[in-house]
Amino acid sequence: MVSPSGILKNAPAPNAAKLLVEFLLSRDGNDIMVKHYQDPVNKLVKPAPGGKSLAEIKTIRPSYEEIEKGIPEVKELFRDTFGI
């Protein structure tokens with residue numbers, strides 16, 4: 001499952017947010033993820049049996065042009081799905 005994390009531009013506690021993101025990417029944070037059957041994103045952490053390392057996961061990286069071109073379609077799909 002993809003679970004992106006980020007820091008909002010106007011976060012009320014940006015330093016705390018940075019620490020959280022650093023923990024999520026750390027070895028300790030990834031050890032916890034593996035214990036909960038998630039694939040690690042830290043190269044130093046081995047996946048659980050049956051899991052995959054970051055190097056084994058195929059990623060798709062669209063160009064900025066492809067992303068921009070797809071935005072209207074995604075908005076429409078979102079509206080159709082959630083009725084907004």
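A residue counts as buried when its relative accessible area is under 20%, as exposed when that area is over 50%, and as partly exposed in between. These terms are applied below to a predicted model.

Gly 29 lies in helix H2. Its relative accessibility is 4%, so Gly 29 counts as buried. Leu 25, by contrast, has its place in helix H1, and Leu 25 counts as exposed because its relative accessibility is 51%. Two further residues, Tyr 37 and Lys 46, are found in the loop between H2 and H3. The table lists the values.

| Residue | Relative accessibility | Class |
|---|---|---|
| Gly 29 | 4% | buried |
| Leu 25 | 51% | exposed |
| Tyr 37 | 74% | exposed |
| Lys 46 | 72% | exposed |

**How H1 and H2 pack**

Two packed helices are described by the angle between their axes and by the distance between those axes. For H1 and helix H2, which covers residues 27-35, the angle is about 60° and the axes are 4 Å apart. H1 is therefore oblique to H2. On the H1 side, the residues that meet H2 are Phe 23, Leu 24 and Leu 25. Their partners in H2 are Arg 27, Asp 28, Gly 29, Asn 30, Ile 32 and Met 33. The buried Gly 29 is thus one of the H2 residues that H1 meets.

**A nonpolar patch on the surface**

Which residues form the nonpolar patch on the surface? They are Leu 20, Phe 23, Leu 24, Leu 25, Ile 32, Val 41, Leu 54 and Ile 57, and together they have about 650 Å² of accessible area. Helix H1, residues 14-25, gives the most to this patch, with 4 residues.

**The loop between H2 and H3**

Helix H3 spans 64-82, and Tyr 37 belongs to the loop that runs between H2 and H3. Tyr 37 is not a glycine, yet it has a positive phi of about 65°.

Lys 46 has its place in the loop between H2 and H3 as well. What does Lys 46 contact, leaving aside its neighbours within four places in sequence? The contacts are with Val 34 and Pro 40. Lys 46 and Lys 58 are 12 residues apart along the chain, and 17 Å separates their C-alpha atoms.

Conventions: Residues are numbered from 1 along each chain as its sequence is written. This is a predicted model: local features need pLDDT of at least 70, side-chain atom pairs count only at pLDDT 80 or more; totals for chains, interfaces and linings use all residues. Side-chain values use heavy atoms; hydrogens and water are left out. Patches are made of residues with over 30% relative accessible area and no salt bridge: like charges are joined within 9 Å, nonpolar side chains (Val, Leu, Ile, Met, Phe, Trp, Tyr) within 5 Å. Accessible areas come from the Shrake-Rupley method with a 1.4 Å probe; for residues, only the protein chains shown count as cover. A salt bridge is a side-chain nitrogen of Lys or Arg within 4 Å of a carboxyl oxygen of Asp or Glu. Helices (H or I, at least four residues) and strands (E, at least two) are DSSP runs, numbered from the N terminus. Buried means under 20% relative accessible area, exposed over 50%, partly exposed in between (1.4 Å probe, protein chains only). Axes are lines fitted to C-alpha atoms, for helices over the stretch in contact, and angles run from 0 to 180 degrees between N-to-C directions. Angles under 35 degrees count as roughly parallel, over 145 as roughly antiparallel, 65 to 115 as roughly perpendicular and the rest as oblique. Contact means heavy atoms within 4.5 Å.
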